[in-house]
Amino acid sequence: MNIKLLLTIAKSLLLARWRQTLVAAIGVTFSITMFITLLSFMSGLNDLLDGLILNRTAHIKLFNEIKATKDQPIDLSDKFKSSYHFIHSIKPSNARQEIYNNGAILKALHSDNRVKGIAPKIIAQVFYNVGAIDITGVINGIDVEAENKLFFFNDYVTAGNYIDLLNVPNSIILGKGAAEKMLANIGDVIQITTPKGDRIQLKVVGFFQSGLVELDKVQSYCSLTTTQKLLGKSSNYITDIQVKLNDMTTAPILAKEYANTFGIDAEDIQTANSQFETGSSIRTLISYAVGITLLIVAGFGIYNILNMMIYEKMDSIAILKATGFSGKDVNTIFVVIALSIGFFGGLVGLLFGFGLSSLIDQIPFNTASLPTIKTYPINYNPKFYTIGITFSLITTYFAGLFPARKASKIDPVVIIRGK
Amino acid sequence: MSQIVLQAKGINKSFHDPITIQILKDINFTVNKGEFVSVIGKSGCGKSTLLYILSTMDTDFQGELLIDGESTRNKKEGQLALVRNEKIGFVFQFHYLLNEFSVLRNVMLPGLKLGKYSEEEVEHRAMQKLKILGIENEAHKMANQLSGGQKQRVAIARALINDPLIIMGDEPTGNLDKKNGKIVFDIFQELAQEFKQTLLIVTHDNEFANSTDRIIEMEDGRIVKL
């Protein structure tokens, strides 16, 4: 009963000066709108930039690095066990780049439930022949379906159909930059030279554009079998296994585990791309800082308006107290006023924020380096909306609390006598 | 022996700003149930200050105040608010209605705060009080649409809503013209005689005071005549 009465009093006080209330609420609405829009936009951009690398990168890459073995023959000899070994000019032996016994490794990874998926890969250094000139290039032999499922291969194929890599024998999807250098169109046949000196002709079935221009000048894609054929290797030859995990954060630990278990090199995404992690966390930090500043500024606006309101309502407060309302009641009334401004202003702000970010989502955004992006990216994460409304309630609560406490401490006599 | 409603025991009060001045000096008196008492005195003799102490709004004093036999010492702010709500009706020199509310709502508010009756019942009682004061037709107007005299009558209706033990008035006719002042005085008289309402009215209008049951005269912070 008491609370209901205080609520109706708060409502009457709010509506009696609805213009003032509206100004306060608009302040909150504006800041929440900007908070939501800013965060959605910034984090959309962030995801886009991260995606450029993270989508294309395996969480763990298993491969055989060309390097000298850790255990040199002299280490194995009992005779020199207690001696210090000076060995100069160690060279790696003529080791194969392929992953030994990869069938067993693939099988083990398939049955590991921490793994979301795996895509075997062959990396082959080649030369693209353009007339008399040879351009260095890299052909990635990929498991087309797995690559598309795990690394969104199709998103980056700007012309042609990615599945033609499987359907058309001896086919290649050229990097956009490489294709331009070679003046190659879809349907053309290009010639490459393998490291062993064999010349092989491949049919162009598509163009690939990763967004990283340097990469596109060099990289091309073939199916696994085509690549094995052009290298003259058997059908179990692969040089890399790309592993995508269910939880990306476990990559460093699992990478170590796999390196030990399978006796090969393993590189996790955090190590390979540490600069992205840093960049994206700093960008997030900045957008939150700006957003929260907006909310605090709005909070001060509400504080001012409530302060003014209380000075105007001195007489009313005095009369409420004289007729038996306690300081606590008066406090409650003004906190309710502040919270309802925060709640309704915030709610409208969420709607406007959603509207404004959907509007930004419609603005065309075409850039050569980002083939899949047609409009500005927006992240509609419900987290932002939750933070927005929570923060608007918290700031308005505190903005209301201090004037409300002042109001509750007002001695009615002081006001009445002041007349 | 009639029932004592309000008792002041050795009340002293000083202001300390800018220098200490004693405003009230050893005030002792009682108000019995059904009495119509007026407090008179020159401007600055401390009669308003006394009234604020008696109404529990001012707690900064020495001595003891008993309302309905209960001491107000050691009561917290919330409890005092409850005492004011339930036992004291207050009429100020300026009407002090809440302009954000209708006349009826203004009268109802202390009743709703007390929460003794349902909202419908409080409304019904408020209408009754307004009828007693002859302003039931104005019930649904906003408070700031009334004339000064009407506002003061609404304030009296509000003071009556919880059937208080005592109604206190701080120069309730001071801001009104003669005609309206007369109306308000007649209402007090009617309340005292017909409803046996206890009244304690501070005034500097001797004519007003002379028609009350009992006059307390103050001078320089002391009671000179009981």
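Predicted model: local features only at pLDDT ≥ 70, side-chain atom pairs only at ≥ 80, totals over all residues.
Let me begin with one residue, B:Thr56, which is buried, with 22 other C-beta atoms within 10 Å; by buried I mean that 20 or more other C-beta atoms lie within 10 Å of a residue's own, while exposed means 12 or fewer and partly exposed is in between, with C-beta atoms placed from the backbone. B:Thr56 lies in the loop between α1 and β4 of chain B, and its phi is near 70°, a positive value in a residue other than glycine. The helices (H or I, at least four residues) and strands (E, at least two) that I name are DSSP runs, numbered from the N terminus.

Residues are numbered from 1 along each chain as its sequence is written, and chains are lettered from A and ligands numbered from 1 in the order in which they are written.

Now to the sheets of chain B, where two strands are said to pair if DSSP finds at least two bridges between them. One open sheet has six strands in the order β6-β7-β8-β3-β9-β10 (chain B), with mixed pairing. Its edge strands, each of which pairs on one side only, are β6 (88-91) and β10 (222-225) of chain B, and from one strand to the next the twist averages 25°.

Please look at β3 in that sheet. Six of the six residues of β3(B) are buried, so this strand is largely enclosed by the rest of the structure. B:Phe36, B:Ser38 and B:Ile40 point one way from β3(B), whereas B:Val37, B:Val39 and B:Gly41 point the other way. On one pairing, β3(B) runs parallel to β8(B) and is joined to it by four bridges, with B:Leu199 as the bridge partner of B:Phe36. On another, β3 (residues 36-41) pairs with β9 (residues 214-219) of chain B in the parallel sense over five bridges; here B:Val37 stands opposite B:Arg214, and B:Val39 stands opposite B:Ile216.

Chain B also has an open sheet of four strands, in the order β2-β1-β4-β5 (chain B), with antiparallel pairing. The edge strands here are β2 (21-32) and β5 (70-71) of chain B, each pairing on one side only. Strand β4 (residues 62-67) of chain B pairs with β5(B) in the antiparallel sense over two bridges, and B:Leu66 stands opposite B:Ser71 in β5(B). Helix α1(B) packs on this sheet, touching β1 (4-15), β2 and β4 of chain B, and its direction makes about 125° with that of β1(B); such angles run from 0 to 180 degrees between N-to-C directions, with axes fitted to C-alpha atoms, for helices over the stretch in contact.

Helix α1 (residues 47-54) of chain B also lies across β3, β7 (166-170), β8 (198-202) and β9 of chain B, running at about 150° to β7(B). Back in strand β2 of chain B, we find B:Asp26, which has a positive phi of about 50° although it is not a glycine. With 15 C-beta neighbours inside 10 Å, B:Asp26 counts as partly exposed.

Where do the two chains meet? In all, 22 residues of chain B are in contact with 21 residues of chain A, contact meaning that the C-beta atoms of two residues, placed from the backbone, lie within 7 Å. On the chain B side, the elements that give two or more residues are α2 (77-87) and α3 (103-114), and α2(B) gives the most, with six residues.
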